Structure formats: structure tokens, C-alpha cells
Amino acid sequence: QVQLVESGGGLVQPGGSLRLSCAASESILSSSAMGWYRQAPGKQRELVATITSGGSTNYPDSTKGRFTISRDNAKNTVYLQIDSLKPEDTAVYYCNANRLIRGLVYNYWGQGTQVTVSS
């Protein structure tokens, strides 16, 4: 069973930056589309960034320009750089993997890391 472990969250002031990490227990990045999601209290989980196995990235309009997803296949790790943090970025951030194996897609989630933006 693949495990995803997020880290890097914390309390940060508005305007600050954070880099979140998602470490996979196996070498899955080359065969997986990876994504970061977030869920604020009382709200639905929403997508914030994706990166394909080929390295293409995509962002919804709400995060475009401030969020950057990247990956290091050798370290089995995906990163999410968040700049110019705003209070509305406060949420639990989750890592997701959609791994393609012999035509089947296997979906995995991490446990989440809390990001709180407050002065």
C-alpha cells in the first residue's frame, strides 16, 4: 500500500511563503499524476495544483500565480510552493496520487498538513 506523507505546514503571517512536501513510500511519481488539494473548515475539498507523470502542471484560477507544484522523482517527493499567503489560504492541504498500473488507476491520499495564515 502506497503511503503519502505531507509536511511543511504551520502558522505563517500574511504575505509569507511556505513549501509543502509530500513524500511517497514507493517510487510512484513516474507513473502517477500528483495533486495538491485543500479543505478549509466548513468547505469542500478543492484542487490547488496538479502535475502529470510527464511534468505538465495545471492550476485553477484561484491559485494560479502564487502556487507552484514541482516534483523530485529521485526523492519520491512532490512539493507545493505557496507565496504571498493570504488568510483565505488557511486549510488542511492534502497530497493525492493517481497511479496508473496496467490500465487501472489507483488513488491515494495523504493525511494532510495544516496551513494557518494569520497575523
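The questions and answers below go through parts of this predicted model.

The model is predicted, so local features need pLDDT of at least 70 and side-chain atom pairs count only at pLDDT 80 or more, while totals for chains, interfaces and linings use all residues. Residues are numbered from 1 along each chain as its sequence is written, and side-chain values use heavy atoms, with hydrogens and water left out.

Me: Which residues touch the most other members of the largest nonpolar core?
Reply: A nonpolar core is a set of buried Ala, Val, Leu, Ile, Met, Phe, Trp, Tyr and Cys residues joined through side-chain atoms within 4.5 Å. Buried means under 20% relative accessible area, exposed over 50%, and partly exposed in between (1.4 Å probe, protein chains only). The largest such core has 29 residues, and those that touch the most other members are Leu-4, Met-34, Trp-36, Ile-69, Leu-80 and Tyr-93.

Me: Which strands each supply at least two residues of this core?
Reply: Helices (H or I, at least four residues) and strands (E, at least two) are DSSP runs, numbered from the N terminus. At least two core residues come from each of β3 (18-24), β4 (32-39), β5 (46-51), β7, β8, β9 and β11 (113-117).

Me: Which residues does Tyr-93 touch, not counting residues up to four places away in sequence?
Reply: Contact means heavy atoms within 4.5 Å. With the residues up to four places away in sequence not counted, Tyr-93 touches Glu-6, Leu-20, Trp-36, Tyr-37, Arg-38, Phe-67, Leu-80, Ile-82, Gly-112, Thr-113 and Val-115.

Me: Is Thr-63 buried or exposed?
Reply: Thr-63 lies in the loop between β6 (57-58) and β7 (67-72). Leaving aside neighbours within four places in sequence, Thr-63 is in contact with Arg-38 and Val-48. Because its relative accessible area is 0%, Thr-63 is buried.

Me: How many salt bridges does a search of the whole structure find?
Reply: Side chains of opposite charge can pair when their charged atoms come close. A salt bridge is a side-chain nitrogen of Lys or Arg within 4 Å of a carboxyl oxygen of Asp or Glu. One of them joins Asp-61 and Lys-64, with the closest N and O atoms 3.4 Å apart, and both of these residues are exposed. The number found in the whole structure is five.

Me: How many residues apart are Arg-38 and Asp-89?
Reply: The side chains of Arg-38 and Asp-89 meet in a salt bridge of 2.9 Å, N to O. This pair links distant parts of the chain, with Arg-38 in strand β4 and Asp-89 in the loop between β8 and β9; the two are 51 residues apart.

Me: Which residues do salt bridges that share partners join into one network?
Reply: Arg-38 also forms a salt bridge with Glu-46, whose closest N and O atoms are 2.6 Å apart. Glu-46 is partly exposed at 33% relative accessibility, whereas Arg-38 is buried at 7%. The network joins Arg-38, Glu-46, Arg-66 and Asp-89.

Me: What is the phi of Ser-84?
Reply: Most residues other than glycine have a negative phi. Ser-84 is found in the loop between β8 (77-82) and β9 (91-101), and is partly exposed with a relative accessible area of 41%. Although Ser-84 is not a glycine, its phi is positive, at about 45 degrees.

Me: Phi of Arg-102 is near what value?
Reply: Arg-102 is placed in the loop between β9 and β10 (104-109). Arg-102 counts as exposed, at 81% relative accessibility. This residue other than glycine has a positive phi, near 50 degrees.
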